[in-house]
Amino acid sequence: MDAPVTPLVPAAAATEAARKFALLRQIERKLLWLSAWMIHNANHIRPNRDGLKVGGHQASCASVISIMTALYFDLLRPQDRVAVKPHAGPVFHAINALFGRQRRPPMETFRGFGGAQAYPSRTKDGPEVDFSTGSVGLGVAMTSFSSLVADYVRLHGLAPEALPGGRTVAIAGDAELDEGNIYEALLEGWKHDIRNVWWIIDYNRQSLDSVVPDRLFGRIEGLFRDMGWNVVTMKYGRRLQAAFAREGGEELRRWIDDCPNSLFSALTFQGGAAWRQVLLADLGRSRGVRAIIDPLTDDELAELITNLGGHDIEYLIETLRAAHAASDQPTCFIAYTIKGMGLPFAGHKDNHSGLMTKEQMETFRATMGIRPGHEWDLFEGLDAGEAELREFIASVPFATQLTPSGRVLAAPLVAVPETLPVARATGRKLSTQGGFGEILAEIGRGQGALKELASHIVTTSPDVTVSTSLGPWVNRRGVFDRHTRNDVFRDAKLASAQRWGMTPEGQHIELGIAEQNLFLLLGAAGLAPALHGARLLPVGTVYDPFVNRGLDALIYACYQDARFLLVSTPSGLSLAPEGGQHQSINTPLLGISTDRLVSYEPAYVDELAILLRHAFVHMQQPDGAAVWLRLSTRALAQPVRRLEAASVIDGAHWVVPPAPGGRIALAYQGPVAPEAEAAFAVLREEELGAGLLAITSPGRLQAEWRGAARARRGGAHNRVSHIERLLAPLAPDAALVTVLDGHPAAHAWLGAVRGQRVVPLGVDHFGQSGDIPDLYREYGLDEEAILDACAEALLA
Ligand SMILES: Cc1ncc(C[n+]2csc(CCOP(=O)(O)OP(=O)(O)O)c2C)c(N)n1
Ligand SMILES: [Mg+2]
């Protein structure tokens, strides 16, 4: 008797796999339809009141459908965190709809007020968005830093024990790799030996304006490998691979390999007949090639040649799974795709913002089998039954609940003592930067009530740790590294003030100079409660002028409501000899104008201690924000006084209150305090009722003032803001002279509070080397300039 033949793949399993892929193809079809329809509806169906193009990116969505289907409906687990290519927002919304996590009304109002956002937004679209995206490149890089934070949290035992480890994934447009911040992040990620990161590049070889150069990706692949990444290229789908395996297939492959991106795109747009024409012209004499292409109709030929890796769901899943099983090495997948795949403008170089016309949409609707009036039905026009699809979707790993409340995690509040330990400052001169270093070092001792606070702080700095006075804290808490690395200088007993041994327990993450990385890391660490279930209190230090270098990433972090403390120091002309490029002017204005970031500039260390404590509390509050302290290296004699903490936090306090009906007030901010005080002493001899106001936050003052005005308009007639209360004793026509080491516009608005005139002093030209007396004189911040301004204000 013959032995029974064992099939290579058991029949049941093969059927099961075939069924799964059939269902995944149905899902792809649905996502293609829903994303295109969402955009079409917003542009062509919804009433348009202002005549503006609503916009949306049907082609960008189409190219990434299979990649996102493979991820969300097979590979991803609920603990994985994803940054979705900004222009794939509608695909993301449609995926959530299939999971029952997105309702229909926001999709109907996509790009409308209160509707689903153009680009996925944590704060507006809600909990399913792990990382907001929009400014290309930043979401991609953010995933690297988020994986670093995940490791940090795990190695410090701060994550909930039962929480499984996850991966961070960026679904990136190929043009995102033009952004320099990507390479800064790659280098930094290599230094920190990041793990469990995937960047999946939708390599449609098109950006906004054009088709990308051909040879680019050879270079980029090498760059990734140099940075320790695994690179997996998914160029051809299984049908093309099968064709290549036939006689003449090699010639066909070579032809496609050599086909310039722009020609490939153009032929894709033109379709099967055009493909046939050029293929016959170039390869018509090859019998093998003829045998491959001749039996195919034009449509079948087009389908074969455009069967790229990024559109082949089985190949995608097989490849991603293999990488998943292989290692935790960061991996870049280059998935070849066609922009606009499956849509009438597939491959056309101008398709980035292209929208299907109404006629094209009607044809598309017919091919998709969607009846009018059923456009939003999730299971309309599919071969598979609704029950079967629902059951399948519910069974994929990403559908499972990470916690009973879903994928958004939370962490308990960290207690902050009522006051922070302030080193005794009386009798010695101290700068706010020096004070910051001392207070943090004291917290770093981790004694008593400070123990818990200290253990949740993580500091970071782009190569300016020592020069921003973080050194003593780092000496106490150590530098973080996944691997223990000894401090060679210390081992060799060579004298150094810095003890920089690196261990997994260290609490300082040292970065290279790239400031965007600082803000991406602060952003990632500032999302740790929601993404990793751990409360971190991230503190980042940077030179104040170079906040500008990382500004987009700072705004990006704030946009997604990340919570951290930014300490920027030194600042302004007051770091005198360093010269103009190091002397910041605009940062106080950035502090005022950046949402979800409360900015302060204290003059003295007692104010600093109040504000530092406030920062640790405020960044933990549900309605809190990130906090920014602008500090200085100018050492000042410290006053002995009692301060009312609330006023310092609210943005200003009277050092010398004005007499009722006082005709003038002098207001200062930051390290120009001594000049303001000296001028004030002279002023008071003539103007007995004059007041001296210390401003700690023009941003806070202004936000509350405008908020109170809004509340009054809404009927809360008794609402009075802090600055209105402060200025109330002055005569209605009193004058204000304001001074800060920064742009004077930061204070100029104060005149609008009560309709008073303001003479604002500050810096409005680039700085230069010098000492403080020279520079304050040159830029009009010295005692004499302040007194001149007072005279001008009183005379006007
Ligand atoms: C920092 C930044 N600069 C410019 C833009 C405008 N912009 C949006 S998409 C895009 C091109 C994107 O091309 P790619 O990343 O390849 O995406 P896809 O082809 O998948 O649409 C540009 C320039 C932006 N969103 N962010
Ligand atoms: Mg592209």
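Here are some notes on this predicted model, taken site by site.

1. Start with ligand 1. Its shell has 18 residues, and Ser60, Lys85, His87, Asp174 and Lys339 come nearest. By type, the shell residues split into nine polar, six charged and three nonpolar.

2. A few polar contacts to ligand 1 are worth a look. The side chain of Asp174 puts an N or O atom 2.4 Å from an oxygen atom of the ligand. Asn204 also uses its side chain, with a polar atom 3.0 Å from a ligand oxygen. As for cover, ligand 1 taken alone exposes 590 Å², and the protein buries 76% of that.

3. Asp174 belongs to the loop between strand 2 (168–173) and helix 8 (180–191), and Asn204 to the loop between strand 3 (197–203) and helix 9 (216–226), so the pair ties together parts that are 30 residues apart in sequence. Asp174 and Asn204 are both buried.

4. On to the aromatics, with 18 pairs in the structure. Take Phe224 and Trp229: their ring centres are 5.3 Å apart and the planes make an angle of 70°, which is over 60 degrees, so this pair counts as edge-to-face. Phe224 and Trp229 are both buried. Elsewhere, one aromatic cluster is made up of Tyr72, Phe73, Phe92, Phe99 and Phe398.

5. Now the backbone. Most peptide bonds are trans, and most residues other than glycine have a negative phi. Against that background, the bond from Thr569 to Pro570 is cis, with omega near -5°. Pro570 is in the loop between strand 12 (565–568) and helix 26 (587–593).

6. Two positive phi values also deserve a check. Ser469 has phi near 70° and lies in the loop between strand 7 (457–462) and helix 21 (471–477). Asp561 has phi near 65° and is found in the loop between helix 25 (551–559) and strand 12. Buried or partly exposed? Ser469 has a relative accessible area of 19%, so it is buried, whereas Asp561, at 23%, is partly exposed.

How values were computed: Residues numbered from 1 in each chain as written. Chains lettered and ligands numbered in written order. Predicted model: local features only at pLDDT ≥ 70, side-chain atom pairs only at ≥ 80, totals over all residues. Heavy atoms only, no water. Near = heavy atom within 4 Å. Polar contact = N/O pair within 3.5 Å; in protein donor to acceptor, adjacent residues only side chain to side chain. Areas by Shrake-Rupley, 256 points an atom, 1.4 Å probe, with all protein chains shown as cover. Nonpolar A, V, L, I, M, F, W, Y, C, P; charged D, E, K, R; others polar. Helix = DSSP H or I, 4+ residues; strand = E, 2+ residues; numbered from the N terminus. Buried < 20%, exposed > 50% of the residue type's maximum accessible area, 1.4 Å probe, protein only. Phe/Tyr/Trp six-rings, centres within 6.5 Å; stacked < 30°, edge-to-face > 60°.
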